[in-house]
Amino acid sequence: MSSPWALMHPKDPTESMTGGNQTSVIEFVLLGFSHVPRLTSILFVLFLGMFLITMLGNGLIVLLTLVDTALHTPMYFFLRNLALVEICFSLDIVPRMLESLVSGRGISLVACALQLFLILSCVTSECFLLTVMAYDRYVAICHPLHYGVLMNQRLCLFLAVACWVAGIPVSLLFTIWLFRFPFCGPRGVRHFLCDVAPLLRLVCADTSVFEAYIRVATVLVLMVPFFLITGSYGRVLVAVVRMPSATGRHKALSTCAAHFVVVTLFYGTACVIHLQPKSSYSPESKQVVSLSYTLVTPMLNPIIYSLRNKEVKAALGRVLGKRGVLR
């Protein structure tokens with residue numbers, strides 16, 4: 001059996017001649033975790049288990065926030081949207097990754113471009129949703145008397161739609177721009193997904209302008225929301241400190257602390273990956289870091305945000321109780 005790294009050489013049917021001795025890649029090969037072939041079976045079982053937990057947890061959040069009227073509040077409305085983003089994100093990445101571990105690693109240019117577009121769109125949507133969720137908590141804790149007016153149904157719907165669609169133009173722009181570059185020579189993507197950094201390594205053209213623009217976009221999409229989230233929780237912290245009731249302080253902090261932990265985990269790993277498209281980190285190191293926000297965070301979000309929440313547990317009990325009565 002030939003080594004997976006041999007697939008990085010262009011002498012195969014998935015490449016076509018474009019003139020002279022230059023070849024143009026028409027299919028990529030995902031080389032994620034090919035440097036540890038003995039762990040393939042273990043990784044497959046591990047990632048499959050994490051994927052199923054992610055689907056179950058986020059699907060449960062979507063179901064409960066839809067059917068239980070007690071959870072028809074702005075906070076749980078945005079949680080439902082976050083869960084839907086995590087489901088879309090996981091469906092875009094994990095099935096292809098599992099397939100590459102046990103069968104064919106090939107992926108067409110069209111499929112690769114589609115995966116990249118969906119990754120960028122989902123990451124952008126999640127950044128904006130996390131920002132909106134932080135703002136919701138800020139209004140709830142700092143302006144409780146005006147919460148119902150400020151976070152009305154129309155505004156919540158507008159914010160949710162904006163979070164979903166805002167990333168589409170930018171994601172489409174950079175995806176088309178990247179795939180207009182000539183890919184020639186090696187076709188092995190040293191990653192388990194089609195991301196900007198490993199694809200840039202395969203481009204045989206000057207990408208300095210593209211990298212400059214994508215850094216600017218990354219700062220706008222990742223760092224500006226992060227600073228807004230930090231500002232929101234800074235004001236929340238000030239308001240909590242001023243609360244006379246210890247019970248009120250504990251409840252407010254427990255709601256915000258888990259969110260901020262996940263925000264830090266998500267933004268920390270996402271910035272490492274996206275702020276430096278051609279950084280000094282090895283591809284294998286980036287694969288490990290990428291697992292944090294592609295597998296770990298989507299799996300933990302339902303647990304941290306909702307499944308430990310008393311209101312969600314009560315809603316689950318009510319839904320299961322209704323089903324038992326119907327039977």
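**Aromatic pairs and a helix packing in the predicted model**

A search of the whole structure, which is a predicted model, finds twelve aromatic pairs. In one of them, the ring centres of Phe-28 and Phe-183 lie 5.2 Å apart and the ring planes stand at 85°, so the pair is edge-to-face. This pair links distant parts of the chain, 155 residues apart, with Phe-28 in strand β3 (residues 27-30) and Phe-183 in the loop between α6 (167-179) and β5 (188-189). Phe-28 is buried, with a relative accessible area of 0%, and Phe-183, at 4% relative accessibility, likewise counts as buried.

Phe-33 and Phe-47 form an aromatic pair that is tilted, with 5.5 Å from centre to centre and 50° between the planes. Because Phe-33 lies in the loop between β3 and α1 (40-67) and Phe-47 in helix α1, the pair ties together parts that are 14 residues apart in sequence. Phe-33 counts as buried at 8% relative accessibility, as does Phe-47 at 3%. Ring pairs also link Phe-174, Trp-177, Phe-181, Phe-210 and Tyr-213 into a cluster.

Turning to helix packing, helix α3 (residues 109-142) and helix α8 (residues 208-241) pack at an angle of about 15°, with their axes 9 Å apart; because angles under 35 degrees count as roughly parallel, α3 and α8 are roughly parallel to each other. The crossing of α3 and α8 is left-handed. Residues that make the contact include Val-123, Phe-128, Tyr-135 and Arg-137 of α3, and Val-221, Pro-225, Tyr-233 and Arg-235 of α8. The residues of this contact divide into 18 nonpolar, three polar and two charged.

Note on methods:
Residues are numbered from 1 along each chain as its sequence is written. This is a predicted model: local features need pLDDT of at least 70, side-chain atom pairs count only at pLDDT 80 or more; totals for chains, interfaces and linings use all residues. Side-chain values use heavy atoms; hydrogens and water are left out. Axes are lines fitted to C-alpha atoms, for helices over the stretch in contact, and angles run from 0 to 180 degrees between N-to-C directions. Helices (H or I, at least four residues) and strands (E, at least two) are DSSP runs, numbered from the N terminus. Angles under 35 degrees count as roughly parallel, over 145 as roughly antiparallel, 65 to 115 as roughly perpendicular and the rest as oblique. A crossing is left-handed if the near helix is turned anticlockwise from the far one by less than a right angle, and right-handed if clockwise. Contact means heavy atoms within 4.5 Å. Ala, Val, Leu, Ile, Met, Phe, Trp, Tyr, Cys and Pro count as nonpolar, Asp, Glu, Lys and Arg as charged, and the others, Gly among them, as polar. Rings of Phe, Tyr and Trp (its six-membered ring) pair if their centres lie within 6.5 Å; planes under 30 degrees apart count as stacked, over 60 as edge-to-face and the rest as tilted. Buried means under 20% relative accessible area, exposed over 50%, partly exposed in between (1.4 Å probe, protein chains only).
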